[in-house]
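I opened my notebook to look up confidence, charge pairing and surface charge in one protein model.

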Amino acid sequence: MNGLLLTEAKYINLSLHYLEQVIVALAEKHRSHIPYRNSMMTSVLRDSLGGNCITSMIATVSAEKSETEETISTCR
């Protein structure tokens, strides 16, 4: 089971990395290429990220002291 969870976590982190690349590219005013096609997630979110849509992001955080590091990481 651990191998499956590790593989799943790897793909989630990779998708988040591609999402970060798209957001950084959109923030650069003179950028001619936005890498939407790097992942299925960014392809699906293309109109929401770079179009005329209003996008909301929801994050799950915890008030538990033991989860402080994870909560800070999520907020960043």
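My entries below go through these topics in turn.

I noted that this is a predicted model, in which local features need pLDDT of at least 70 and side-chain atom pairs count only at pLDDT 80 or more, while totals for chains, interfaces and linings use all residues. Residues are numbered from 1 along each chain as its sequence is written, and side-chain values use heavy atoms, with hydrogens and water left out.

I looked up pLDDT (the predictor's confidence in each residue, from 0 to 100) and found a protein mean of 87, with 99% of residues reaching 70 or more.

I then searched for salt bridges (a side-chain nitrogen of Lys or Arg within 4 Å of a carboxyl oxygen of Asp or Glu), and the count came to 1. Arg-31 pairs with Glu-28, their closest N and O atoms being 3.1 Å apart.

I checked accessibility (buried under 20% relative accessible area, exposed over 50%, partly exposed in between, with a 1.4 Å probe and protein chains only): Arg-31 is partly exposed at 37%, and Glu-28 is partly exposed at 39%. Glu-70 is exposed at 52%.
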